[in-house]
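Follow the description below with the coordinates open. It starts at a loop and then goes through the helix contacts and the nonpolar core.

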Amino acid sequence: GFLAITTLAVLISAAEIAIVGVYSSLVYEDHKWWWKSVYMPGGIGIWFFLYSVYYYVRVLNIKTWLAALMYFETMFCISLSLWLAVGSIGFFASVVFVHIIYNNIKHD
């Protein structure tokens with residue numbers, strides 16, 4: 001229900017962010033858009049990790065360094081996975097977008 005709708009909203013937003021970023025790069029004739037289409041929507045992974053640091057400092061009451069290490073290790077892996085997943089959605093949406101706009105160019 002709610003989780004599926006939220007996931008769909010995140011994926012659609014990631015695709016739209018990547019497409020808008022790639023379009024603005026192409027308008028200024030910057031044809032190095034490949035990595036931009038990955039790291040712009042993938043920034044949600046960085047935000048997720050920063051929020052996990054905030055959550056550790058403000059909410060969690062972890063006393064041992066080993067538990068803290070396990071927490072940050074797990075959060076880093078989850079954040080990296082989220083960055084790769086959402087970034088790949090943005091990349092594939094951008095590839096489809098660029099393919100569509102360059103196929104619709106009229107030849108003289």
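A residue is called exposed when its relative accessible area is over 50%, buried when that area is under 20%, and partly exposed in between. The model discussed here is predicted. E29 has a relative accessibility of 65%, so it counts as exposed. This residue lies in the loop between α1 and α2. Its backbone is also worth a look. Most residues other than glycine have a negative phi. E29 is not a glycine, yet its phi is positive, at about 55 degrees.

The next topic is helix packing. Two packed helices are described by the angle between their axes and the distance between the axes. How do α1 and α4 cross, and at roughly what angle? Their axes come within 8 Å and cross at roughly 50 degrees. The crossing in which α1 passes α4 is right-handed. On the α1 side, the contact is made by L11, A14, A15, A18, I19, V22, Y23 and L26. On the α4 side, V86, I89, G90, A93, S94, F97, V98, I101 and Y102 take part. By class, the residues of this contact of α1 with α4 are 15 nonpolar and 2 polar, with no charged ones.

The nonpolar core can be taken up from here. The largest one has 5 residues in all, namely V22, L26, W33, F97 and V98. Helices α1 (2-27) and α4 (65-103) are the elements that give two or more residues to this core. Within it, V98 touches V22, L26 and W33, when residues up to four places away in sequence are not counted.

S37 belongs to helix α2, which covers residues 36-39. Is S37 buried or exposed? With a relative accessibility of 0%, S37 counts as buried because the limit for that class is under 20%. Apart from neighbours within four places in sequence, S37 is in contact with A18, V22, G87, G90, F91 and S94.

From α3, the contact involves G43, I44, G45, F48, F49, S52, V53, Y55 and Y56. From α4, it involves A68, Y71, F72, M75, F76, I78, S79, L82, W83 and V86. The contact of α3 with α4 has 15 nonpolar and 4 polar residues, and no charged residues.

S52 is one of the residues on the α3 side of that contact, and its helix spans residues 43-58. Its relative accessibility is 3%, so S52 counts as buried. Leaving out neighbours within four places in sequence, S52 is in contact with Y71 and M75.

A85 is found in helix α4 and is partly exposed, with a relative accessible area of 40%. A85 and V38 are separated by 47 residues in sequence, while their C-alpha atoms are 9.4 Å apart. T6 is found in helix α1. Its relative accessible area is 32%, which means that T6 is partly exposed. Between T6 and S79 there are 17 Å from C-alpha to C-alpha, with the two residues 73 residues apart in sequence.

Notes: Residues numbered from 1 in each chain as written. Predicted model: local features only at pLDDT ≥ 70, side-chain atom pairs only at ≥ 80, totals over all residues. Heavy atoms only, no water. Core = buried A, V, L, I, M, F, W, Y, C linked by side-chain atoms within 4.5 Å. Buried < 20%, exposed > 50% of the residue type's maximum accessible area, 1.4 Å probe, protein only. Helix = DSSP H or I, 4+ residues; strand = E, 2+ residues; numbered from the N terminus. Contact = heavy atoms within 4.5 Å. Axes fitted to C-alpha atoms, helices over the stretch in contact; angles between N-to-C directions. Left-handed = near helix turned anticlockwise from the far one by under 90°. Nonpolar A, V, L, I, M, F, W, Y, C, P; charged D, E, K, R; others polar.
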